[in-house]
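Hi everyone, thanks for coming.

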Amino acid sequence: MANVSHPSEFILVGFSSFGDLQTLLYGPFLMLYLLAFMGNTIIIIMVMVDTHLHTPMYFFLGNFSLLEILVNMTAVPRMLSDLLVSHKVISFVGCLVQFYFYFSLGSTSFLILADMALDRFVAICHPLRYGTLMRWTVCVCLAGAAWAAPFLAMVPTVLSRACLHYCRGNVINHFFCDNVPLLQLACSDTSLLEFWDFLMSLAFVLSSFLVNLISYGYIVSTVLRMPSASSRQKAFSTCGSHLTLVFIGYSSTIFLYVRPGKAHSVEVNKMVALVTSVLTPFLNPFILTFRNETVKVALWRQLQRLKGLHKAA
C-alpha cells in the first residue's frame, strides 16, 4: 500500500470463501460468458446485414446487445482470471477505470431500454406519425444522448472516489470494484457521495424505468381499444421481448443500487451482481430471438443464405 489516503492496489475477495472449489466455477462461468458474447454478437451482425431489421426498433436493439457485451467485458474476464489465482489484486487506477466503465455502460443500457419503449409507444399509439417522429436523425440523437450522458455524469463520481481517504484496509469484498464495498473502505464522510449516487440512480435508472412504465401504460390502453384480437396479439408480440428485458434488468439493479446508504448485505449483493453480470447477458439473446418473431425469421433467413453460399462454394 503506497499510503493511507490512496492505496496503490486493492485485493478483490471474489469467491475466496469457496477455497479450492473456485477453480470448478471457472468452466461454467467461462461457458456462459462466451455464449453471451456470441449470442449478442450474432444479434448485432443480423441487425447490420439484414435489411428487414434496418428499423429504429432493431437499431436500439443492436445498441443494447453491444452494451451487454461491453458491460460483460468490464467485470467478467477479470473475475474469471481471479478464479485461477490466489492473489487477486487490482491497481488503484485499474479499480477506478473498471468502476467508471461498468457504471457508465450499465446506465447507458437503461437509457437505451427507455428509447426502445418510446419507439414502441410511437409505433403502436401513433402509427401514422411513426416515420416522422422516429426518423433516423431522431433515433441517432436518442442513442447518442443515452451513450453520452452517463459517461459525462460518471466523471465527478469517479473523481470523488479518487479523492477519498481509504484507511480501512484495501480488501474489497466483491469480484469487481463495486460501489458499496469501495465506500466501506473509506474513513471520510461519504454521506454526500451516497446522496449523489442516489441522485444518479434516480437520473438514469428510475427515470428510464418511469419512461418504460408510462409508455407501456399508453400502449396497453391503445391495444385494448383495438377492434380485432389479431391486431392486439400482433401489437403485444412486438413488445414481449422488450418487456422481459425491462423486468430482468430493472428488478436486479433497483435492488442493488437504487437505495441510499451503504448498509447493504455485501454477500447478497455479490450474488445478485453475479446473476446480472454472467447469467442475464447469457439469457438476453435467447429472449430476443425466441420471443421475437421478426428476429427469428431474420436468423433463419441468414442461416439459409449461409447454407446457399456453402453449397455454391
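This is a predicted model: local features need pLDDT of at least 70, side-chain atom pairs count only at pLDDT 80 or more; totals for chains, interfaces and linings use all residues.

Okay, let's start with helices α3 and α7. Here α3 passes α7 in a left-handed crossing. The two pack at an angle of about 20°, and their axes are 9 Å apart. Angles under 35 degrees count as roughly parallel, so α3 is roughly parallel to α7.

Who makes that contact? On the α3 side you'll find, among others, S107, F110, L111, A114 and F121. On the α7 side, the residues include F204, V205, S208, N212 and Y216. If you sort the contact of α3 with α7 by class, you get 16 nonpolar, five polar and one charged residues.

Let's stay with L111 for a moment, which sits in helix α3. Is L111 buried or exposed? Well, its relative accessibility is 15%, so it counts as buried. Leaving out residues up to four places away in sequence, L111 touches A146, P150, F204 and S208. And if you want a sense of distance, take L111 and S230: they are 119 residues apart in sequence, and from C-alpha to C-alpha they are 31 Å apart in space.

Next partner for α3, then. Helix α3 covers residues 92-125 and helix α5 covers residues 136-162, and their axes come within 8 Å, crossing at roughly 150°. Over 145 degrees counts as roughly antiparallel, so that's what we call α3 relative to α5. The crossing of α3 and α5 is right-handed. In their contact there are 19 nonpolar residues, four polar ones and two charged ones.

Now over to α7 again, this time with α9. Helix α7 runs over residues 191-224 and helix α9 over residues 240-257; they pack at about 150° with axes 11 Å apart. This crossing, of α7 and α9, is left-handed. From α7, the residues involved include S201, L206, F209 and Y216, and they meet a set in α9 that includes H242, L243, Y250 and Y257.

V220 is partly exposed, with a relative accessible area of 34%. V220 and P56 are 164 residues apart in sequence, with 21 Å between their C-alpha atoms.

Right, on to the inside. The largest nonpolar core has 84 residues, and F10 and M79 have the most contacts inside it. Which helix gives the most to this core? That would be α3, with 18 residues. As for M79, skip the residues up to four places away in sequence, and what it touches is F15, F29, F175, L274 and V278.

Last stop: N72, in helix α2, residues 56-82. N72 has a relative accessible area of 5%, and since anything under 20% is called buried, N72 is buried. Neighbours within four places in sequence aside, N72 is in contact with Y33, A36, P77, S277 and P281.

That's my tour, so over to you.

Methods
Residues are numbered from 1 along each chain as its sequence is written. Side-chain values use heavy atoms; hydrogens and water are left out. Axes are lines fitted to C-alpha atoms, for helices over the stretch in contact, and angles run from 0 to 180 degrees between N-to-C directions. Helices (H or I, at least four residues) and strands (E, at least two) are DSSP runs, numbered from the N terminus. Angles under 35 degrees count as roughly parallel, over 145 as roughly antiparallel, 65 to 115 as roughly perpendicular and the rest as oblique. A crossing is left-handed if the near helix is turned anticlockwise from the far one by less than a right angle, and right-handed if clockwise. Ala, Val, Leu, Ile, Met, Phe, Trp, Tyr, Cys and Pro count as nonpolar, Asp, Glu, Lys and Arg as charged, and the others, Gly among them, as polar. A nonpolar core is a set of buried Ala, Val, Leu, Ile, Met, Phe, Trp, Tyr and Cys residues joined through side-chain atoms within 4.5 Å. Buried means under 20% relative accessible area, exposed over 50%, partly exposed in between (1.4 Å probe, protein chains only). Contact means heavy atoms within 4.5 Å.
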